[in-house]
Amino acid sequence: MELVQQVKQAHRSFPSGVTVVTAQADGQPVGLAVNAFSSVSMDPPMVLVCVNSSSRSHASLCGARHLGISILSHIQSAVAATFATSGGDKFSGVAWHEGDHGAPMLDDASAAFEVEIVSRMEAATHSVFFGRIVGVETSGLPPLVYAAGGFYDGGRLLAV
Ligand SMILES: Cc1cc2nc3c(=O)[nH]c(=O)nc-3n(C[C@H](O)[C@H](O)[C@H](O)COP(=O)(O)O)c2cc1C
């Protein structure tokens, strides 16, 4: 198997949540599904997301001061599919609200962060956005889990 295929196969061994990363661009919300999300530090609280520069949302995210990072809940697999499809009006069928700094936050998410972008690093095809957390919301809804190409209910995991 060639290296890229081996890498893709190996990534299937790493389940993740699914986030929707959003920003306001000229008064319009933009965003895309992102599972390349990680906590970076607690003091100050920081996270990162990696966004492909070929995505339509990329330029708007680069132009924003704040991002919304909504961690999808177990009832939002259709929302994940919508935000993983390029273009179109992704927000028309989705309830959302603004964070304190104006970033779009999706209703019914498991949790959401509003972050101030503090730096951006270009890495091959992707931009890595580092954000300082300036707002947090939690709903208590279990997370959506993405594993090996499928979506799962994070509230029904088997303990081992
Ligand atoms: C589960 C899942 C995770 C994804 N994670 C990322 C990611 O971390 N970074 C990224 O740039 N695209 C990711 N994508 C792909 C984008 O969501 C997809 O390319 C989207 O159509 C881009 O929308 P846009 O072109 O309208 O901005 C992911 C897709 C799925 C289904």
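Six of the seven residues of β2 are buried, so β2 is largely enclosed by the rest of the structure. Buried means that 20 or more other C-beta atoms, placed from the backbone, lie within 10 Å of the residue's own. Helices (H or I, at least four residues) and strands (E, at least two) are DSSP runs, numbered from the N terminus. This is a predicted model, in which local features need pLDDT of at least 70 and side-chain atom pairs count only at pLDDT 80 or more, while totals for chains, interfaces and linings use all residues. Residues are numbered from 1 along each chain as its sequence is written.

Two strands pair with β2, pairing being at least two DSSP bridges between strands. With β3 the run is antiparallel and has seven bridges; Thr22 stands opposite Gly31 there. The two form a hairpin with two residues between them, and Asp26 in the turn has a positive phi of about 55°. With β6, β2 is joined by four bridges, also antiparallel, and Val20 has Ser70 as its bridge partner.

β3 and β5 (45-52) each supply at least two residues of the shell around the ligand. The ligand is surrounded by 18 residues (C-beta atom, placed from the backbone, within 6 Å), and Asn52 is one of the closest.

Terms used. A residue is buried if 20 or more other C-beta atoms lie within 10 Å of its own, exposed if 12 or fewer, and partly exposed in between; C-beta atoms are placed from the backbone.
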